[in-house]
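Here is a short briefing to read alongside the sequence and the 3D view.

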Amino acid sequence: MRWDNLGDGPAALFGADVVSRTFDTPEFRGITFHEVRARSLVNRVPGASRMPFEWTVNPYRGCSHACVYCFARKTHSYLDLDTGLDFDSQIVVKVNAPELLRRELAGRRWRGDHIAMGTNVDCYQRAEGRYRLMPGILTALRDHANPFSILTKGTLILRDLELLRQAAELTDVGISVSVGFLDHELWRTVEPGTPAPERRLDVVRTLTAHGIACGVLMAPVIPFLGDAPEQLRGTVRAIAEAGAGSVTPLVLHLRPGAREWFLSWLGRHHPHLVRRYTTMYADGAYAPTWYQRRITRQVHELAAEYGIGPARSGEARRIRPPSGDAGNNSGNNSGKDAGNSTSAADSTSAPTATPTPTGPTQLTLI
């Protein structure tokens with residue numbers, strides 16, 4: 001692992017002091033945690049990206065959800081770790097994340113921009129149950145009335161329900177839960193470390209019941225395995241019954257790192273589909289536009305039938321006029337500290353498009 005390289009120089013991601021731990025407990029068996037002290041936490045999204053936000057926070061790298069399609073697998077190669085098993089089991093933990101975020105939000109040049117979380121790996125993966133970084137992160141965001149959003153497959157987010165509620169009283173908070181399908185056999189093989197789809201829908205139900213708006217990214221829709229009309233209908237119906245305010249379909253995309261791992265999985269579990277996939281994704285990471293449009297149209301029609309719609313760009317990114325001390329904390333800042341530059345190894349750069357009734361949607365997935 002390239003800790004020495006990454007720990008040297010002014011643009012280093014981490015300090016040189018790294019502690020690696022393994023825990024012989026059922027929930028963490030086979031997982032190694034590398035505890036690091038990050039140099040910066042608020043990362044700028046690369047300028048070439050079309051993401052609808054400019055800043056991200058990622059307290060972890062690597063993810064025990066072990067989703068075989070996860071685009072973020074490539075980021076592990078920057079540490080000389082492989083993008084397969086290492087990504088699932090070698091988890092980097094930025095143990096100083098809460099204190100670092102509080103300091104960065106208080107910086108004179110920070111403007112109080114929207115911060116997205118869960119856009120690289122899930123901030124509510126199993127490691128969060130041990131390290132408890134998110135309560136401190138949410139507290140800092142709440143205290144500065146800084147708008148934020150979270151994308152997750154983790155039910156652990158409900159632990160922080162009260163903090164989310166408090167933050168939502170001061171600024172815009174956007175929560176999205178990722179549920180691409182309901183098929184249990186598919187779930188157990190393609191997303192083996194995640195909570196079951198119905199448990200994620202319970203998260204939507206609970207957040208909505210407590211007045212916190214929650215949308216669903218129907219992600220990913222997996223060609224030939226999760227895209228049959230009856231599968232799409234069943235998933236959209238369950239999403240609507242859970243009380244989601246919106247549903248946005250996202251067709252599987254296979255970027256380098258994820259592509260190789262997914263096709264290896266496909267060859268073991270569904271070898272008859274390998275040729276169809278290599279043909280469908282022959283031109284790059286994304287399925288053909290005609291296919292994306294078909295899926296998007298079908299899901300949007302079903303959503304309209306069940307009384308929900310697609311997410312609207314910017315919904316969770318408008319800063320409400322703050323009041324009291326919290327407003328003063330966020331309103332007096334006008335930029336970003338120059339020292340907190342972003343490394344390509346720790347950023348999100350997948351393309352996106354605002355959902356339309358018939359066009360394809362491409363967003364970054366955890």
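What covers the buried residues of H6? The cover includes helix H5 (134-143), strand E8 (148-152), strand E9 (173-178) and helix H8 (197-209). This is a predicted model, in which local features need pLDDT of at least 70, side-chain atom pairs count only at pLDDT 80 or more, and totals for chains, interfaces and linings use all residues. Residues are numbered from 1 along each chain as its sequence is written, and side-chain values use heavy atoms, with hydrogens and water left out.

**Helix H6**
- Helices (H or I, at least four residues) and strands (E, at least two) are DSSP runs, numbered from the N terminus.
- Leu-161, Leu-163, Leu-164 and Ala-167 are buried in helix H6, residues 161-168 (under 20% relative accessible area, with exposed over 50% and partly exposed in between; 1.4 Å probe, protein chains only).
- These buried residues line one face of H6, because they fall within an arc of 165° seen down its axis (the arc is that of the directions from the helix axis to the C-beta atoms).

**Helix H10**
- Ala-258, Phe-262, Trp-265 and Leu-266 are buried in H10.
- They cover an arc of only 100° around the axis, which puts them on the same side of H10.
- Helix H7 (184-190) and helix H11 (274-280) are among what covers them.

**Gln-90**
- Gln-90 lies in strand E6 (residues 90-94) and counts as buried because its relative accessibility is 17%.
- Beyond its neighbours within four places in sequence, Gln-90 is in contact (heavy atoms within 4.5 Å) with residues including Thr-32, His-34 and Arg-61.
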